[in-house]
Amino acid sequence: MTSLLSHPPAIPTSTTADWMHDRLTEARGVLADTAQHPESLVILAARVVVGQTDDAVECSDALEVLRLLDRRPLHAIAAAAFPKGGAA
């Protein structure tokens, strides 16, 4: 029973880039309405935005949210957000 299905899958497959874009979009939605989400989800969303966005302003805004909500020192937040020191 290893034959391929003759019909397309019910759930479309997506590439890694699509998945990452979807997560970034979802994180942006959480940050757009922080009052409606638990603090832990807002922190997670800010981490996703910092790690995935190409927009420097959006990244700095997300870092500011992390600075306000995450109780770790700023250098620890930056090190977690940029594990390679910011290098690509």
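**Close-up views of a predicted helical model**

**View 1. Val49 and its neighbours in the predicted model.** Val49 touches Leu24, Ala27, Arg28, Leu31, Glu58 and Ala62, leaving out residues up to four places away in sequence. The structure shown here, as in every view below, is a predicted model.

**View 2. The largest nonpolar core.** Let's step back to the core that Val49 belongs to. This core has 13 residues, and Val49, Val50, Ala62 and Leu66 are the ones that touch the most other members. Two or more residues each come from α1 (16-32), α2 (39-52) and α3 (56-69). Which element gives the largest share? That is α2, with 6 residues. In soluble globular proteins, nonpolar side chains tend to be buried together.

**View 3. Where α2 meets α3.** These two helices pack at an angle of about 150°, and their axes are 9 Å apart. The crossing of α2 past α3 is left-handed. On the α2 side you will find Glu39, Val42, Ile43, Ala46, Arg47, Val49 and Val50, which meet Glu58, Cys59, Ala62, Leu63, Val65, Leu66 and Leu69 of α3. By type, the residues of this contact are 11 nonpolar, no polar and 3 charged.

**View 4. Thr53 in the loop.** Look between α2 and α3 to find Thr53, which sits in the loop there. Is Thr53 buried or exposed? Thr53 counts as buried because its relative accessibility is 12%, under the 20% cut-off. Its side chain makes a polar contact with the side chain of Glu58 (2.5 Å). A polar atom of the Thr53 side chain also lies 3.1 Å from the backbone nitrogen of Asp55. Beyond neighbours within four places in sequence, Thr53 is in contact with Leu24, Arg28, Glu58 and Cys59.

How values were computed. Residues are numbered from 1 along each chain as its sequence is written. This is a predicted model: local features need pLDDT of at least 70, side-chain atom pairs count only at pLDDT 80 or more; totals for chains, interfaces and linings use all residues. Side-chain values use heavy atoms; hydrogens and water are left out. A nonpolar core is a set of buried Ala, Val, Leu, Ile, Met, Phe, Trp, Tyr and Cys residues joined through side-chain atoms within 4.5 Å. Buried means under 20% relative accessible area, exposed over 50%, partly exposed in between (1.4 Å probe, protein chains only). Helices (H or I, at least four residues) and strands (E, at least two) are DSSP runs, numbered from the N terminus. Contact means heavy atoms within 4.5 Å. Axes are lines fitted to C-alpha atoms, for helices over the stretch in contact, and angles run from 0 to 180 degrees between N-to-C directions. A crossing is left-handed if the near helix is turned anticlockwise from the far one by less than a right angle, and right-handed if clockwise. Ala, Val, Leu, Ile, Met, Phe, Trp, Tyr, Cys and Pro count as nonpolar, Asp, Glu, Lys and Arg as charged, and the others, Gly among them, as polar. A polar contact is a pair of N or O atoms within 3.5 Å; within protein, one must be able to donate a hydrogen and the other to accept it, and residues adjacent in sequence count only if both atoms are side-chain atoms.
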